Amino acid sequence: MHGRGGQGALEGPGGQGAAEGPGGQGDVGGPARRPAGGGSAGPVAADSAGRQVVADHPAQQVVEEIRAAGGEAIAHGGDVATSAGAASLVAAAVETYGRLDTLVNNAGFLRDRMLVNLDEDDWDAVVRVHLKGHFLPLKHAAAYWRAEAKAGRRPDARVVNTSSGAGLSGSLGQVNYSAAKAGILALTLVAAAELGRYGVQVNAIAPAARTRMTERAFAETMAVPDAGFDAMAPENVSPLVVWLGSVGSEGVTGRVFEAEGGRITVMEGWRAGPSVDKGARWVPGEVGEAALKLLGEAGVQGVVYGA
């Protein structure tokens, strides 16, 4: 979560820096750093507002990097998959910088299993962190922006949600992750439609980059090349996030962008294909014949990753 034009930053779960994931399940971060794993957050202290601030964690390292570069940042260690944690995150931004301009939702980790081997707890944990961890910060940020608009201070606000190619096409062994990431896309579309009246634009990205989450799950693909362009460097994704969070993206909302290496793609999502209308109720035999004809006219179905 950061001010427009890089004026300020709130680092934490769903923000641009790294912080401990909900319930200690793993790490989460922002566009340049999207870590995951089971590590400890290290020592934790409370600031004067009662928020937990991670004292020895990658989140604080990101804060120090930003400050060293001349920017401003704070770390926030709350759980964005709880209403209190998400509300505190938004409040910390407003208290520190006087207003909230941009929310980048990026909380997440992996619990990969094939469908028949996936435990209910691993389903719940991934959906909780990815999907609920997007919904709650967005809800509390939206409430702040709506109040501002109603008070006559119409915002010029931005939200960038983080989906995945798995959410667009599915991915073998990642049914929980794919479902959560697909849910984030639907959340983005609805939020964009609902919040435009308050001056809020909502978009999503589906990035491919090397992070502490992906470099373990896809070690070969994410390896740093010996020479040449590093297509999986997370820095390749960050400029798109910055632009979507800036005034330069005015008028762009409800859209999804894939970002990988030097490639940016606008995704077009589900669109109506071939159709037939009988004008009356179908019977089962007719439905099959009509459906097969339509499928023959339709485009080629995309392939699930890993299939």
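## About the model

Residues are numbered from 1 along each chain as its sequence is written, and side-chain values use heavy atoms, without hydrogens and water. Because the model is predicted, local features need pLDDT of at least 70 and side-chain atom pairs count only at pLDDT 80 or more, while totals for chains, interfaces and linings use all residues.

The pLDDT score is the predictor's confidence in each residue, from 0 to 100. The protein chain has a mean pLDDT of 84, with 82% of its residues at 70 or more. Take care with residues 1–50, where pLDDT stays under 50.

## Helix α5

Let's start with α5, which covers residues 175–195. Helices here are DSSP runs of H or I with at least four residues, and strands are runs of E with at least two, numbered from the N terminus. From first C-alpha to last, the 21 residues of α5 reach 30 Å, close to the 30 Å expected at 1.5 Å a residue (1.5 Å times one less than the number of residues).

Among the buried residues of α5 are Y177, I184, L187 and L195; buried means under 20% relative accessible area with a 1.4 Å probe, protein chains only. Their cover includes α3 (120–150) and β9 (200–208).

## The nonpolar cores

A nonpolar core is a set of buried Ala, Val, Leu, Ile, Met, Phe, Trp, Tyr and Cys residues joined through side-chain atoms within 4.5 Å. The largest one has 18 residues, and L138, V159 and L195 are among those with the most contacts inside it. Two or more residues come from each of α2 (83–97), α3, β8, α5 and β9, and α3 gives the most, with five.

A second, separate core has twelve residues, including A180 and M213.

Terms used. Buried < 20%, exposed > 50% of the residue type's maximum accessible area, 1.4 Å probe, protein only. Contact = heavy atoms within 4.5 Å.
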